[in-house]
Amino acid sequence: MAAEGEQQQAQLQQVQHRVVSLLPSATEIVVQVGGAHLLCGRSHECDYPPEITHLPMLTSANNGHFTNSRDVHDSTTSSMVAGRGLYGIDGDQLIKIKPTVVVTQSLCSVCSIDLVTVERILRKAKLEPPPKIVNLNPFSIEDVLQDMLSVGSAVGLEAESKVAVQKLQARVQAASSLASQLAPAKYGKCAFLEWIDPLFCGGHWTPQLIALAGGSHPLNPPS
C-alpha cells in the first residue's frame with residue numbers, strides 16, 4: 001500500500017507541472033521523455049510533433065523576411081552590433097501560463113530566445129513558486145543525452161527519461177555498427193556546412209555523427 005501511495009503522489013506531481021519549451025529540440029526532448037501532456041507553451045519554431053502545434057507560441061523573430069543566406073547574415077550581424085535582440089518573447093503570456101518548468105538554451109545566441117532575457121522576464125514576474133529553468137547547452141552527443149536526463153528530472157519523468165536515453169543509445173550503437181560493416185573505407189571526406197554565405201562549418205555533435213556513420217570531417221574533426 002505504501003508503494004501504491006508513493007506512485008500516486010508521483011503521478012500527482014507530474015500533473016502539477018506546467019512546462020514551457022522555448023526551442024524545437026527542447027520540445028522534442030520533452031515529448032521523447034513522455035511529457036507531451038505537460039507542455040503548455042512553445043516557441044514560434046516548435047512544429048514537431050504535430051500534436052503540440054495547438055499550444056500558444058510565446059516567441060517571435062524580430063527580423064523580417066529574407067531572400068538569401070547573405071541577407072540573413074547581414075541583418076543578424078547588424079542587429080547584434082546594435083544590441084538588438086533577434087527574438088522577442090510574449091512576457092505577459094508567459095506569466096499568464098504560470099509555468100513550473102521553462103526549458104531554454106544558452107548554446108547559440110542567434111538560434112532562439114536567449115537565456116538572459118528569459119531569466120529577466122521570470123524575475124520580473126515574481127511567480128510563486130518560481131519556475132525551474134532548464135538550460136540546454138550541449139556540445140556532444142553525450143551532452144544531448146545528458147540534457148534529456150536533466151529535462152526528465154525537472155518535469156518529474158526521471159525514470160522515463162532514463163529509458164528514452166537507453167533506447168537512443170541503442171539506436172546510435174546499432175547505426176554505428178551497421179556503418180562499420182558497410183566498408184567504411186568507401187566513405188570519403190565530407191564537409192558539413194551550417195551556412196553557405198558566408199560559409200560556416202558545422203560543429204558540436206555533428207562531426208561525431210559523421211564519424212559514427214563511417215565518414216570523416218577534417219574541417220572540424222570530433223574531439
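Which cysteine does a disulfide join to cysteine 108? Select cysteine 111: that is the partner, with S to S at 2.1 Å. A disulfide here is a pair of cysteine sulfur atoms within 2.5 Å, and a search of the whole structure finds one. Look along the S-S bond and you'll see a right-handed link, with 70° about that bond.

A quick note before moving on: this is a predicted model, where local features need pLDDT of at least 70, side-chain atom pairs count only at pLDDT 80 or more, and totals for chains, interfaces and linings use all residues. Residues are numbered from 1 along each chain as its sequence is written, and side-chain values use heavy atoms, leaving out hydrogens and water.

Stay on cysteine 111, which is partly exposed at 41% relative accessibility (buried means under 20% relative accessible area, exposed over 50%, partly exposed in between, with a 1.4 Å probe and protein chains only). Now jump to cysteine 40, which counts as buried at 11%.

Next, show the open sheet of four strands: the order is β2-β1-β5-β6, with parallel pairing. Strands are DSSP runs (E, at least two residues), as are helices (H or I, at least four), numbered from the N terminus; two strands pair if DSSP finds at least two bridges between them. Color β2 (39–41) and β6 (132–136): they stand at the edges with a single partner strand each, so one side of each has no neighbour in the sheet.

Zoom in on β5 (101–105), which pairs with β6 over five bridges. Threonine 104 has asparagine 135 of β6 as its bridge partner.
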